[in-house]
Amino acid sequence: MEQLEKAAHILMAPPDLVTSDQRHEAEQVFLQLRNTKNPFNLCRQLLENSQVDYLLFEAASVLRVGVIREWRDLSKEDSLQLRQYIVHYVVTKHNIPHYVRETLVQVVGIMVKRGSVDDQGHDRGQLLTEVEQLVSSGDNTMRMIGCSIISALMHEYAITVKSTDVGLTWETHFKAKKQFEGTDLRRIFHFIVNLLGEVVKMEGKMSDELSSLLQKLLMIAETTLTWSFISLHHILLHN
């Protein structure tokens, strides 16, 4: 970790304070990290112990690449444990940068979608229950994290330019999407509408955090409505 943190500081330093050779060596260190096979334990160690934001982001990014690249080598137990660890991490580490958190919740979205091909959405339902419990505390930071997790899920199942290539055929992507629509899309919509109602009823001046939460909720609500309308339109066309 010491070598990685040193390399991170070099890459973040102003160009006039490091040589081109130093920068090249630092880039090679991170290239080696990105190519590490079975990087999951290493990434967890980095997330837990490093205080360097750049290294935290790299660890999150390597997790994302590793999950996609090595999904078939992960046991069901290992993948579930990793997913639970990432959710616990983003919930308890309040001071990590926004871009690190968003990368990690994207990893969660990837894992849940990939897993749903085999478990028919069981872990996804469990995750949504965890999110509902998370936001029930009334803490706006927890609500924002919950919304980020839901957004990541929806992006993965939407099969758009924002969804990630998780090594599935187009047919399997489509089946996973239809299964998601049939089981959890309505649940997400009702959950978001109820949460919107709670946020709107809050008294006092709206803080920046609350304003950001409201915007995220509105975006998710609009997405679910649009998605539902398009799905219904396709059903009507084929009947």
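Student: Why is R143 called buried?

Tutor: Its relative accessible area is 5%. Buried means under 20%, exposed means over 50%, and partly exposed lies in between (1.4 Å probe, protein chains only). At 5%, R143 falls under the 20% limit, so R143 counts as buried.

Student: What are these values based on?

Tutor: This is a predicted model, in which local features need pLDDT of at least 70, side-chain atom pairs count only at pLDDT 80 or more, and totals for chains, interfaces and linings use all residues. Residues are numbered from 1 along each chain as its sequence is written, and side-chain values use heavy atoms, with hydrogens and water left out.

Student: What makes R143 and E198 a salt bridge?

Tutor: The rule asks for a side-chain nitrogen of Lys or Arg within 4 Å of a carboxyl oxygen of Asp or Glu. The N to O distance here is 2.8 Å. That is within 4 Å, so the pair qualifies. R143 sits in helix α8 and E198 in helix α10 (residues 185–200), 55 residues apart, and the pair links distant parts of the chain. Helices here are DSSP runs of H or I, at least four residues, and strands are runs of E, at least two, numbered from the N terminus.

Student: What makes E130 and R83 another salt bridge?

Tutor: Their N to O distance is 3.0 Å, which meets the rule. E130 belongs to helix α7 and R83 to helix α5, 47 residues apart. R83 has a relative accessible area of 1% and is buried. E130, at 23%, is partly exposed. Both residues also join D123 in a network of salt bridges.

Student: How many salt bridges does the rule find?

Tutor: The count comes to 11. Among them is K177 with E181, at 2.7 Å from N to O. These two lie in helix α9 (residues 170–183), 4 residues apart, about one turn of the helix.

Student: What makes a set of residues a nonpolar core?

Tutor: Its members are buried Ala, Val, Leu, Ile, Met, Phe, Trp, Tyr and Cys residues, joined through side-chain atoms within 4.5 Å. In the largest one, with 69 residues, L63, I86, L104, I150 and I192 touch the most other members. Helix α8 (residues 140–158) gives the most to this core, with 9 residues. Contact means heavy atoms within 4.5 Å. Leaving out residues up to four places away in sequence, I150 touches L128, V131, I188, F191, I192 and I220.

Student: Which elements give two or more residues to the lining of the largest pocket?

Tutor: Start with the pocket, whose volume is about 370 Å³. Of its 16 lining residues, K76, S79, L80, G115 and D119 are the closest to its centre. The elements are α5 (76–92), α6 (98–119) and α7 (122–135). On a 1 Å grid over the protein atoms alone, a pocket is an open set of points where a 1.4 Å probe fits, with protein on both sides within 12 Å along at least five of seven lines; lining residues have an atom within 4 Å of a point.

Conventions. Grid points are joined across faces, edges and corners, and a volume is the space filled by probe spheres set on the points.
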